[in-house]
Amino acid sequence: MSSSPSPLSARGGRLALLVVGLCWLAVLFDGLDMFIYGSVLPHLLESRTFGLTPDQAGDLGSYATFGMLVGALAAGTVADRIGRKKLMVSCVTLFSLASGLCALADGVAVFGLGRTLAGVGLGGLLPTAISMVCDYAPRGRGAIVIGLLMTAHHAGGILSAYVAKWLVDPVGWRAAFWVCVLPLLFAPVLAKFLPESLSFLVAKGRTEEARALAGRYDVEVPAARTGGAGDRWGNLANLFRGNEWIQTLLYWAASFGGLLLVYGVATWLPTLMRAEGYELGSALSFVVVFNLGGIVGMLVAGRAADRFGAPRIAAIWFALTAAGVFLLSVHLSTAVTMIVVFLTGVFLNSAQTMIYATVSIRSRADNRATAVGWTSGMGRFGAVFGPWLGGRLLASGNGDRGFTAFAVAGLSSMVFIGVAALRGSRQAPTGSERELVAAH
């Protein structure tokens, strides 16, 4: 008997790859739109576009992350109503059109509205894309596929730096935002070729349709979910029963500091490097190197956690992140600074992932989704605060302390997650340590 895969398996593998590929491209555009503001920000400040001041620039950066908070919190409810596929198409359409609004803006108010709307789309897309690839990932490959998906976000950051380098000086900053409108052409491709989520079909009682899709894609039909809003609120209450409230607040505080660090550095890295005396071209090159480190970090974080334990790696990662961010405040040679930026990217961009992995490991199976979801949601407030903090420091003439402030946030997250890990006593369920949760 031949041991070669059946035609169904071969076809299913190709279709699963199509789903992952389409989601990867969508997250690439998500990353481009997220990072483009930070990439053009030095030019906006130097040219005094709209009369922009550093504190206003920090506010504008926070608008996008606030929009992401709204989008992330609403994504689950909206997806449950209209489906994951339609939500992904809607999110790509929204942040693309919002970038067009930024390109046409004649003042800070319109530009801020565009960034806020873009943030809503960006925040709704990523968790939905993760859900999609989990549905169609090959059996036993879910963690690897999610890690691969997250590399797209940092690839978008790299692309944003090149868009800024190639277009801002010769054409103007508006051209960079017009490039971010181009994903609008990708929305019809998603609508035509991306299948609906199996989890959504099962939840809606469209079982036969789900079975047909699963058979065609050679994947398993997910089990039907049980419990409604009452169970969700009950699960939230469980996070605060007994002494669990201490553990919960420690996780939330660690997540707040982690995402403050992630989005603060993502927004202000080029501007802070300019303040340290580097040319604009070099400052944007640091964005490329930083995101290359993020790609490497996403690929190695899960393996390190599997070997040494996610709680331990989380604390170590944040300590190394804090050291790297602090070193960026020291004017070293360009070559040494490039190395520091790369290593900072490796640890910073996956440190937050280790918080989610720790929460997942330390939570009961019936409460895990709630614990991770609320830890992520509380961290989003740090994502709003980080860009604002950078702007206030620059506006007060303390831009040189920006990296120090972000390093302190990294150290605080190290302490919070370390104490939480020491207090935790639950053992991880089989295989849970291999779950990779998206960092952003």
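**Note on the predicted model**

1. Helix α15 (residues 368-395) supplies the largest share of the nonpolar patch, namely three residues; helices here are DSSP runs of H or I with at least four residues, strands are runs of E with at least two, and both are numbered from the N terminus. The model is a predicted one, in which local features need pLDDT of at least 70 and side-chain atom pairs count only at pLDDT 80 or more, whereas totals for chains, interfaces and linings use all residues. Residues are numbered from 1 along each chain as its sequence is written, and side-chain values use heavy atoms, with hydrogens and water left out.

2. The patch itself is formed on the surface by F256, F381, F385 and W388, which together have about 340 Å² of accessible area. Patch members have over 30% relative accessible area and no salt bridge, with nonpolar side chains (Val, Leu, Ile, Met, Phe, Trp, Tyr) joined within 5 Å and like charges within 9 Å; a salt bridge is a side-chain nitrogen of Lys or Arg within 4 Å of a carboxyl oxygen of Asp or Glu. Areas come from the Shrake-Rupley method with a 1.4 Å probe, and for residues only the protein chains shown count as cover. F381 has its place in helix α15 and counts as partly exposed at 42% relative accessibility, where buried means under 20% relative accessible area, exposed over 50% and partly exposed in between (1.4 Å probe, protein chains only).

3. Taken overall, the protein chain has 16 helices and zero strands, and 55% of its 440 residues count as buried. The chain exposes about 17900 Å², of which carbon and sulfur atoms supply 64%. Among its contacts (heavy atoms within 4.5 Å) with a separation of 6 or more, 83% are accounted for by residues 24 or more positions apart.

4. The structure holds 13 aromatic pairs. One of them joins F29 and F186, edge-to-face, at 5.4 Å centre to centre and with 65 degrees between the planes. Because F29 lies in helix α1 (residues 7-46) and F186 in the loop between α6 (173-179) and α7 (187-193), this pair ties together parts that are 157 residues apart in sequence. F29 and F186 are both buried. The rings of F50 and W173 likewise make a pair, with centres 5.7 Å apart and planes at 80 degrees, so that it is edge-to-face. As F50 lies in the loop between α1 and α2 (54-82) and W173 in helix α6, the parts tied together are 123 residues apart in sequence. For such pairs, rings of Phe, Tyr and Trp (its six-membered ring) need centres within 6.5 Å, and planes under 30 degrees apart count as stacked, over 60 as edge-to-face and the rest as tilted.

5. F50 counts as partly exposed, at 27% relative accessibility, while W173 is buried with a relative accessible area of 7%. Ring pairs link F50 and W173 with Y37, F111 and F177 into a cluster.

6. On the cysteines, a search of the whole structure finds zero disulfides, a disulfide being a pair of cysteine sulfur atoms within 2.5 Å. For C102, the closest cysteine sulfur is that of C180, at 8.8 Å, which is too far for a bond. C102 is buried at 0% relative accessible area, and C91 is buried as well, at 7%.

7. Leaving aside neighbours within four places in sequence, S96 is in contact with C180, V181, P183 and L184. S96 is buried, with a relative accessible area of 0%.
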